[in-house]
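Hi everyone, thanks for coming. Let me put the structure up, and then we'll walk through it together.

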Amino acid sequence: MKSIIKYIQIQGSSLCDGKCEICPYSQSPVAKLKLTMSISRFRSILESIYDYAKNPLLFCPYLMSDPIYDKYLIERIPIIHEFFPNTLLEISTAMSARDAGYYRELIDVLSEHKNVRFIISLLGISEETYKQLANRNFKRILNRTIEFLKLADGKIPEIRIVGFGGSRDGSIKLFSREQFINFVYELIKKADMKHFKSVHAYFNTFHDRAGLVQWSNKLQIYRDINIFNPHFCCRPYEWLHVLSDGRVISCCMNYELNQIWGNLFKQSLAEIWEGEKRKLYILKQLGFEKGEIPCKYCMSPGG
């Protein structure tokens, strides 16, 4: 049981601008938390989960919200590496906050560690395509990204630039994979990067976050789960999801926070991970128990 958890997501802060149109964050109970986990509580959580996850494959100091809005993000990074020195650390942001001085400091801290992935969710490739996915100043985001690439050149082993060219079911198309690759290439040129091989263009598609984003009727699905039609997703088996208030939830699609398994500020991870609420959730996934779970509406099992 102790070797099961391979991936960890801990929400250092629930703060986010909530301006991504493809995310239900701004209308969710998560946004109402308005809470940033203290460094002491963050350390206590890592201490409490260490026996269950001594060598996780991935650690994300964010969950549902943008980690750049976490005022303690830079302070958390050395603590994460103290506990999990060989684990891949992933930061994922829409680049909607902070200035060059902050990113310079962040890059300096990240550069001290070899196993780092920095994800920039640029979403669109133009003002027009970006505005369909997010309500921000695209030019400002673009300039901030180019400046970041300049500062991070040769210091971060992997920078992934993500674009969402359309919907997962193909009903909405905004731009092609080739167009996105060319767009990223132009960004690298503008940043005058020498270590450009560290930058990867990641063409992706968006989905309706388990039915919580109403794009079109075509995007919505319903999965009838029963003993003859069970559903499997790795999230409740291999992932640990912790909110900034210590609550452990089922997965990153549970924006409504109606699948709470426990609280690490009040219980041990053993109590939560082996507890009845998690077991019941898995039984619902497999069709042995009835009840509403996000899996019924999720078109992207696994994340």
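Of the contacts (heavy atoms within 4.5 Å) between residues at least 6 apart in sequence, 75% join residues at least 24 apart. Before I go on: this is a predicted model, where local features need pLDDT of at least 70, side-chain atom pairs count only at pLDDT 80 or more, and totals for chains, interfaces and linings use all residues. Residues are numbered from 1 along each chain as its sequence is written, and side-chain values use heavy atoms, with hydrogens and water left out.

How does the size work out? The radius of gyration, taken over C-alpha atoms, is 19 Å, which agrees with the value near 19 Å for a compact globule of 303 residues. That rule is 2.2 Å times the number of residues to the power 0.38. The C-alpha trace spans about 55 × 45 × 30 Å along its principal axes. Buried residues, meaning under 20% relative accessible area with a 1.4 Å probe and protein chains only, make up 54% of the 303.

We have 10 helices and 9 strands; these are DSSP runs, H or I of at least four residues for helices and E of at least two for strands, numbered from the N terminus.

Now look at helix α10, residues 276-286: which residues are buried there? They are R278, Y281, I282, K284 and Q285. They sit on the same side of α10, because their arc around the axis is only 155 degrees, going by the directions from the axis to the C-beta atoms. Their cover includes α8 (235-238), β9 (260-263) and α9 (269-273). Just after α10, G287 has a positive phi of about 90 degrees.

Conventions:
Buried means under 20% relative accessible area, exposed over 50%, partly exposed in between (1.4 Å probe, protein chains only).
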